[in-house]
Every structure is written in structure tokens, then in C-alpha cells.
Amino acid sequence: MRADDRDPTGVVRVRASNPSPLTLDGTNSYVAGGWVVDPGPADAGHLDAVLAAAGGRIEGIVLTHSHHDHSEGAEPLAERAGGVEVVKPGEGDEIGPFTALATPGHAPDHVCLLLGRTCFTGDTVLGRGSVFIAPGEGSLSAYLASLRRLAQLELDVLCPGHGPYVWDPRAKLEEYMAHRLDRERALVAALEDGARTEEELLDGAWADVPTHLRPAAALTLTAHLEKLAEEDRLPEDLT
Ligand SMILES: [Zn+2]
């Protein structure tokens with residue numbers, strides 16, 4: 001663990017043992033203000049550890065989005081904790097000590113949870129690498145708007161759904177926005193050079209992506225093409 005990967009005051013992180021290319025070293029569950037953010041997978045050992053981190057007692061469970069690696073453990077944990085509530089909040093909802101901020105993009109129902117100047121970002125911002133954006137109604141445009149929104153907040157630390165804490169939130173958010181725009185520029189350049197097939201476009205703009213992540217890159221490519229189509233920026237033979 002890096003020296004700066006310490007828990008912020010009042011926050012305890014419990015990492016599930018479900019590592020993968022998309023979950024990094026596993027899903028992060030957090031305990032803060034007596035509540036659990038994203039209980040993670042329904043793994044008995046993990047849920048025991050989360051409850052123990054909370055001192056054996058929790059007020060409720062709140063989810064950043066409904067993907068399984070974050071939400072599957074919610075009902076079993078609620079039961080273990082004596083039947084506490086499970087909340088999947090929307091924009092502006094106040095849940096326990098948190099305020100929810102809609103941040104669609106990675107998932108249409110995604111929220112970030114604010115606790116003072118601490119922000120639980122789920123899969124909107126990760127501690128390492130970039131976020132997977134699947135295609136679907138304006139998901140990439142929505143995602144960029146979500147990042148811009150977070151960048152306007154005065155935050156001390158991001159607690160991501162995967163990877164280490166982010167102690168320089170604004171720099172990370174700017175890096176994320178720049179990363180998307182770099183991909184977009186590379187994709188536009190590939191299109192201008194005449195690339196049209198998925199393989200050609202991936203080679204043009206995602207050549208650095210390792211083979212096992214190429215299927216995810218192909219979906220990201222589709223999300224980028226949708227954004228360019230929304231903005232009327234696709235070549236005519238692709239529209
Ligand atoms: Zn996740």
C-alpha cells in the first residue's frame with residue numbers, strides 16, 4: 001500500500017477479493033457515518049469483513065449503481081445487519097450522511113455520494129486506469145458532463161469503486177477529461193485517414209490497449225462513434 005493510500009478520516013475501505021481487468025484489484029466497499037457504500041459481491045468473507053469494519057452494526061446500505069460487483073452483496077449484508085435498508089438513490093437524495101449526485105455515463109443510474117469534501121465515486125472515477133463506458137443513449141456525452149460536474153466541486157478526496165484513493169481530485173478529473181478527448185482526437189484522425197472497420201479504428205485510436213481489453217475497447221469505440229454522430233461529426237459514409 002502506498003503511503004498516501006491511507007483511509008480518509010471517518011472512512012474505512014474493505015476490498016473484496018474479486019480482481020479482474022475491469023474491477024482492478026477488487027471492488028472497494030466503504031464504511032462511513034455508520035453506513036456502507038457499495039457492499040460489493042455476495043461473498044461471505046467479504047461481507048463479514050465489511051460488517052466488522054463497521055463495528056458489527058450499520059444503519060443502512062447505499063449503492064452508487066446497480067452493477068453486480070457493487071450491489072450483489074446488498075441484500076445478504078442487510079440481512080446480516082438485522083434488516084437495515086438498502087438505498088439506490090437519485091439526484092439530490094439525502095441518504096444517511098450522504099448527498100447523491102447523478103453522474104450517468106458508466107451506468108445510466110450512476111450516482112456519486114458526497115460526505116462533506118469526500119466523494120464516493122463508484123465507477124465514475126477509478127483510482128487507476130480509465131472507466132469503461134458502454135455504448136447506449138448518449139452515455140459518453142453524459143459521462144463527460146458528469147466529470148465536468150465533479151470537477152466543479154471543492155473536494156479533498158475521491159473514494160473510488162476500484163483502486164486507491166485519489167487525493168488530488170481536480171487533477172484526476174482533468175486527466176480523465178483529457179484522456180477522453182485524446183481518444184476522440186485519435187479516432188477523428190483515424191476516420192480522416194480513411195479507417196472505417198472496427199479493427200482499423202481500434203488500431204488507429206486504441207493501439208495501446210492490451211489484447212484482453214480489446215473487446216472493451218470495441219464497446220468504448222462504439223460509444224465514441226455515438227457521441228460523434230450526436231454532434232454530426234461522422235464521415236458521410238458512416239452515418
Ligand atoms: Zn465496478
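Guide: Terms first. Helices (H or I, at least four residues) and strands (E, at least two) are DSSP runs, numbered from the N terminus. Two strands pair if DSSP finds at least two bridges between them. This is a predicted model: local features need pLDDT of at least 70, side-chain atom pairs count only at pLDDT 80 or more, and totals for chains, interfaces and linings use all residues. Residues are numbered from 1 along each chain as its sequence is written, and side-chain values use heavy atoms, without hydrogens or water.

Visitor: Fine. In what order do β1 to β5 lie in their sheet?

Guide: The order is β1-β2-β3-β4-β5. That sheet is open, and its pairing is mixed. From one strand to the next, the twist averages 20 degrees.

Visitor: How do β2 and β3 run, parallel or antiparallel?

Guide: Antiparallel. 3 bridges join β2 (residues 28-32) to β3 (residues 35-37). Alanine 32 stands opposite tryptophan 35 in β3.

Visitor: Which strands does helix α1 touch?

Guide: Helix α1 (residues 44-53) packs on the sheet and touches β1, β2 and β3. Contact here means heavy atoms within 4.5 Å. The direction of α1 makes about 170 degrees with that of β1. For such angles, axes are lines fitted to C-alpha atoms, for helices over the stretch in contact, and angles run from 0 to 180 degrees between N-to-C directions.

Visitor: And the sheet with β6 in it, what is the order there?

Guide: β6-β7-β8-β9-β10. This open sheet of 5 strands has mixed pairing. Its edges are β6 (94-95) and β10 (157-160), and each pairs on one side only. β9 (residues 118-122) and β10 run parallel, joined by 4 bridges. Threonine 118 has valine 157 in β10 as its bridge partner.

Visitor: Now the metal. What coordinates the zinc ion?

Guide: Asp69 (OD), His70 (NE2), Asp123 (OD) and His162 (NE2), at 2.0 to 2.3 Å. Donors are N, O and S atoms within 2.8 Å of the metal (3.2 Å for Na, K and Ca); water is not among the atoms, so sites may look incomplete.

Visitor: Why is the arrangement around the zinc ion irregular?

Guide: Because the 4 donor atoms subtend angles of 85 to 159 degrees. Four donors count as tetrahedral if all angles lie between 85 and 135 degrees; four count as square planar and six as octahedral if opposite donors are over 155 degrees apart and all others between 65 and 115; anything else is irregular.

Visitor: Changing topic. How many disulfides are there in the whole structure?

Guide: 0. A disulfide is a pair of cysteine sulfur atoms within 2.5 Å. The sulfur of cysteine 112 has its closest cysteine sulfur, in cysteine 119, at 4.5 Å, which is too far for a bond. Cysteine 112 is buried at 0% relative accessibility. Cysteine 119 is also buried, with a relative accessible area of 0%.

Visitor: Last one. What does arginine 183 touch?

Guide: Ala205, Trp206, Asp208, Val209 and His224, not counting residues up to four places away in sequence. Arginine 183 is in helix α5. At 13% relative accessibility, arginine 183 counts as buried.

Technical notes: Buried < 20%, exposed > 50% of the residue type's maximum accessible area, 1.4 Å probe, protein only.
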